Amino acid sequence: MQKEIPCVIFRGGTSKGVFFQEELIPPPGAERDALLLKVMGSPDLRQIDGLGGATSTTSKVAIIKSSEHEGADVDYTFAQVSIDKPIVDYKANCGNISAAVGPYAIEMGFVEPQENETVVRIYNTNTKKIIYSYVKTPKREVAYEGDFIIAGVPGTASPVILKFNNPSGSVTGALLPTGNVVDAIEIEGLGTIEISIVDVANPLVFVKAEDIGLEGTELPDYIDSNQDMLRILEQIRGKAAVVLGFVDSWQDAAAKSPAVPKMTVVTSPKTCKTVNGEVIQSDQADLCGRMMSMQKTHKTYALTGALCTASAAIIPGSVVNKVIRGSFDPEKIRLFHPGGIMQVGVEKKHSNDDNFDVVSAWGYRTARLIMKGVVYY
């Protein structure tokens, strides 16, 4: 006999996920993972028997409850549900799904809406960090319609501002987990290459496009059809996972730590096309970036990844710092990704020496309530 469980489907940023109230699902463990896999239809490349959308950005889950943490309204746990493997990964957060947590909390009565704008204080259990979500609530109702545009989502919507406070060390406990701005690793067929591993909102490993035979403007379909390049990118990511202590062998990273660290390719701003054929001129961006998500190219760019990229940009000598436009505004960094331009900001803690940390990082997203109902499993 099939069982049913209440759920809500939200688009958050350029991702889409299924939202559950924590008290209505099994506690953390094998039973919860089995439920989430069944709900999403995994493992199956089409996820034909569940709610998943057959891409990493549409195979996501958010689990919400009232918070007992000081300074927070709700606790939010993010789960990345693998498509082709029976794996549910909780190591990191998703910034795009985070954009829907505030509206969800208001819709479900966790937070009372205020006049004009409501601030929802979110404690992310994956990273143990607080996120402030600024949601438009005219007439004390969540506004979904508006004139704000984000690359990768058709049409316009009401903006949601996400501010991540003290976001450094989200998973590893340190801004620079290895203690180095740049590390050198050996890659089969390439020799020694430079990488930067930075942990802000999520841990990312950065490499210059030119160092691995790319221009940095390639579109996702091109990269995903190049099996040799996918192997190189996963080897870099896997070796970074070893350095971070997530796995013992880089070959195990796809199975044991598929979501973190996130592999990111960067290059200087160049004139190139988006997935929709729009031409972005080089002077419209401060740098170009391509992210990997669950061993495939992200169709746009993860918000947490953008915040980490912006943070890496202000670290002198990092891989990102070496390719970003010479004159840029840290509070308005323009990142060109396959879907278009994303603007994010970062504030660092000033000191009299070269040591500094990231005080906050923020970005602009939109969200939309798609469905309230029950899912059968």
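A salt bridge is a side-chain nitrogen of Lys or Arg within 4 Å of a carboxyl oxygen of Asp or Glu. The structure is a predicted model, in which local features need pLDDT of at least 70 and side-chain atom pairs count only at pLDDT 80 or more, while totals for chains, interfaces and linings use all residues. Residues are numbered from 1 along each chain as its sequence is written, and side-chain values use heavy atoms, with hydrogens and water left out.

**Exercise 1.** Find which residues are linked with Lys299 in a network of salt bridges, and describe the pair that lysine 299 forms with aspartate 224.

*Solution.* Begin with the network, which links Asp221, Asp224 and Lys299. Next, take the pair of lysine 299 and aspartate 224, whose closest N and O atoms are 3.7 Å apart. This pair links distant parts of the chain, 75 residues apart, since lysine 299 lies in the loop between β16 (296-297) and α6 (303-313) and aspartate 224 in helix α3 (residues 220-224); helices (H or I, at least four residues) and strands (E, at least two) are DSSP runs, numbered from the N terminus. Finally, compare the accessibility: buried means under 20% relative accessible area, exposed over 50%, and partly exposed in between (1.4 Å probe, protein chains only). Aspartate 224, at 13%, is therefore buried, whereas lysine 299, at 40%, is partly exposed.

**Exercise 2.** State how far apart the closest N and O atoms of lysine 322 and glutamate 194 are, and locate both residues.

*Solution.* The closest N and O atoms of this salt bridge are 3.0 Å apart. Lysine 322 is in helix α7 (residues 319-323) and glutamate 194 in strand β10 (residues 191-200), 128 residues apart.
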